[in-house]
Amino acid sequence: MDLDLHYYARRLESFNSHHGKQLHLLFLKVGVITSFVTFGNRLLQMYTRCGHLSDAQQLFDEMTHRNCFTWNTMIEGYMKSGVKEKALELFGLMPERNCFSWNLVVSGFSKAGELEIARGLFDEMPRRNWVAWNSMIHGYASNGRPRDAVRLFKELGADPDGESRGDSFVLATVIGACTDLAALDCGKQVHARIIVDQVEFDSVLASSLVNLYGKSGDTDSASHVLNVMQDPDEFSVSALISGYANSGRMEDARRIFYMRSDPCVVLWNTLIAGYIANEETNEALILFQTMRRNGIRENFSTFSSVLSACSSLRIPENCKQMHALASKLGILDDLITGSALVDTYAKCGSPYDACKLFTEFKRHDTILLNSMITLYSKCGRIEDAKQIFESMKMKSLISWNSMIVGLSQNGCPIEALDLFCKMNEMGLRIDKFSLASAISACASIASLELGEQIFCRTTIIGLEFDQVVSTSLIDLYCKCGFIKIGRKLFDQMTKFDEVSWNSMLIGYATNGFGNEAMNLFTDMRHAGVAPTDITFTGVLSACDHCGLVEEGWKWFYAMKQHYHIDPGIEHYSCMVDLFSRAGLLEEAMNLIEEMPFKADASMWSSVLRGCVTHGNKSIGRKLAERITDMDPENSGAYMQLSSIFATSNDWERSAQIRNLMRDKRIQKNPGCSWAEC
């Protein structure tokens with residue numbers, strides 16, 4: 001009978017909980033659990049393996065005999081189930097602990113990212129073994145604390161019992177940490193340790209060294225490490241290709257790639273990514289086509305890289321082809337692939353295709369939903385953006401910020417500020433983007449007092465000198481008419497990019513300081529800051545306000561010729577208004593006819609205003625008719641045509657136009673003004 005019981009006890013490791021409970025009853029019946037700790041331990045293992053922790057705990061409490069194995073089994077069960085607090089409580093109650101006990105809690109808390117608890121336990125260990133050292137070093141490295149990983153490795157070198165100094169896994173982890181820190185010299189010291197201690201050079205260690213040297217730009221050392229290997233694996237070769245690509249040495253990257261007779265998908269992906277990193281997007285797409293012709297099955301990483309190339313080229317047809325391929329391969333339901341496609345459509349100038357694709361998804365994550373809030377906002381579909389935001393169960397800080405920006409950009413600054421106040425009332429974390437967006441919303445309604453109150457909040461949390469916040473504050477002062485205060489703040493800033501320059505330049509232009517805007521544009525170019533399309537909107541607006549026709553014409557053409565920026569409709573609008581104000585009505589009309597956009601009533605109205613100013617009745621009459629055909633309810637066109645007749649003393653025809661408005665029941669839009677209370 002005893003032999004049978006021992007046989008069944010050994011078989012417990014393959015039993016499920018149902019059969020295990022039956023055997024448990026048998027053991028209780030014959031009384032072996034209270035007599036032999038082995039039987040209880042095997043039952044504990046079965047319960048913890050099956051996830052029945054309550055049964056395991058009940059058995060543990062009833063056991064009259066326990067040993068280290070008993071306690072360790074319970075601690076390990078709680079650790080694997082994520083009940084770390086209970087595991088730590090049991091560890092504290094253990095009458096005696098062995099190395100396995102310490103390793104369980106140190107490695108468990110380290111893997112869970114609770115590094116402070118893990119380090120406290122590690123420091124208490126009477127004798128640290130290689131498992132504990134590995135766990136702590138790897139825990140630091142994999143949780144974004146590479147500096148602590150390297151520092152602990154140095155302590156390991158000074159530990160007389162540091163038996164894991166030559167462990168290849170620890171060494172590879174530390175080399176990875178050095179790579180993250182861009183600490184090439186430190187990585188070289190670890191490499192020297194490997195050579196001195198004659199550590200076995202496996203593929204993991206080699207690829208980590210190749211990766212270190214490659215990312216640090218020391219491609220010759222990376223190549224040397226690879227040549228030392230008798231049979232380099234694909235990941236080591238991939239690391240070298242990536243290193244050459246990061247250094248701009250695509251010829252060498254290609255050479256290494258084509259040295260492999262049958263490169264795997266990892267190598268294809270690495271070379272494609274290298275082309276994209278070096279802005280050779282066409283070559284990346286050609287290589288992708290070659291890869292498919294060779295029968296290599298693409299993976300998610302391939303799709304991510306190729307979609308990045310499509311985004312750079314901004315050709316919607318490429319994105320549609322990738323969309324079709326993803327559907328054919330059945331990977332469109334994958335969130336990462338789907339999200340990347342949505343993002344690519346948006347960057348290729350096809351936001352409506354992106355929105356349509358989104359509606360086909362069955363699953364969403366927070367990242368995708370955040371992207372859609374931004375995308376819907378840019379498309380002017382602010383209600384759709386609000387619907388997504390309100391339906392989100394888990395809102396990140398990015399979700400709140402995206403919604404505030406979207407509301408502010410779509411003419412809903414009051415709602416944007418209400419949302420910001422709600423964030424504040426709920427005690428949510430507020431960052432520089434939250435504050436900058438709220439200040440921008442204040443700028444939209446010219447609410448200087450509220451904007452300054454929000455800025456006071458930035459000083460409390462130490463963000464008053466942040467560039468993003470300062471730029472929004474400049475925008476606030478300029479839109480409220482305090483252009484001198486805006487310029488003073490601008491002069492105090494450390495200007496890293498074109499954003500702050502654009503903000504100040506637009507501020508000058510919209511406040512009628514055309515000459516100051518042009519002088520600032522000159523300073524911007526002398527500072528080596530490249531102008532953007534927004535910059536030229538400010539420049540052309542400044543020329544418009546100052547009547548600088550030749551200057552405006554010069555920069556309008558310089559946009560494309562020298563800065564490779566295609567003029568948008570806002571740039572054409574500035575030029576049309578500039579020509580119209582200067583009385584160059586034919587030039588204004590020719591520019592409208594030549595532009596690659598369809599002119600709306602507002603653009604033709606600019607020319608009509610020029611006709612009113614310069615008394616050109618013949619063109620004015622034709623334009624008024626065109627505008628009223630496009631927009632029959634446009635009262636402005638009728639009023640301006642009436643003014644044209646009035647300025648030439650043709651009072652009868654001026655009155656006829658007004659009578660016509662009355663007969664058609666077209667109401668003149670009343671003027672209005674408001675002041676902040």
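Predicted model: local features only at pLDDT ≥ 70, side-chain atom pairs only at ≥ 80, totals over all residues.
In the protein chain, 56% of the contacts with a separation of 6 or more are between residues 24 or more positions apart. The secondary structure of the chain comes to 40 helices and zero strands. Of its 677 residues, 48% count as buried.

**One face of a helix**

Let's start with helix α6, which covers residues 84-93. Which of its residues are buried? They are Lys84, Ala87, Leu90 and Phe91. Seen down the axis of α6, these buried residues fall within an arc of 120°, so they line one face of the helix. An α-helix has 3.6 residues a turn, so residues three or four places apart point the same way. The buried residues of α6 pack against α4 (53-62), α5 (68-80), α7 (99-111) and α8 (115-124). On the other side of α6, you will find Glu85 and Leu93, which are exposed.

After α28 comes Gly462, with a positive phi near 80°.

**Two helices side by side**

Now turn to helix α33 (residues 533-546) and helix α35 (residues 569-581), which pack at an angle of about 10° with their axes 9 Å apart. Because of that angle, α33 is roughly parallel to α35. Where the two meet, α33 brings Asp533, Phe536, Thr537, Leu540, Ser541, Cys543 and Asp544, while α35 brings Glu570, His571, Cys574, Met575, Asp577, Leu578 and Arg581. How many residues of each class does this contact have? The contact of α33 with α35 has six nonpolar, three polar and five charged residues.

**Two serines**

Ser399 has its place in helix α25 (residues 397-409). Is Ser399 buried or exposed? At 0% relative accessibility, Ser399 counts as buried. Leaving aside neighbours within four places in sequence, Ser399 is in contact with Thr366, Asn370, Ile373, Phe389 and Met392.

With a relative accessibility of 10%, Ser437 counts as buried. Beyond its neighbours within four places in sequence, Ser437 is in contact with Asn401, Ile404 and Val405.

**Positive phi in loops**

Ala182 is not a glycine, although its phi is positive. Glu279, also a residue other than glycine, has a positive phi too. The table puts their values side by side.

| Residue | Phi | Loop between | Relative accessible area |
|---|---|---|---|
| Ala182 | about 55° | α11 (168-181) and α12 (184-196) | 62% |

Ala182 is exposed, with a relative accessible area of 62%.

Notes:
Residues numbered from 1 in each chain as written. Heavy atoms only, no water. Axes fitted to C-alpha atoms, helices over the stretch in contact; angles between N-to-C directions. Helix = DSSP H or I, 4+ residues; strand = E, 2+ residues; numbered from the N terminus. Parallel < 35°, antiparallel > 145°, perpendicular 65-115°, else oblique. Contact = heavy atoms within 4.5 Å. Nonpolar A, V, L, I, M, F, W, Y, C, P; charged D, E, K, R; others polar. Buried < 20%, exposed > 50% of the residue type's maximum accessible area, 1.4 Å probe, protein only. Arc of directions from axis to C-beta.
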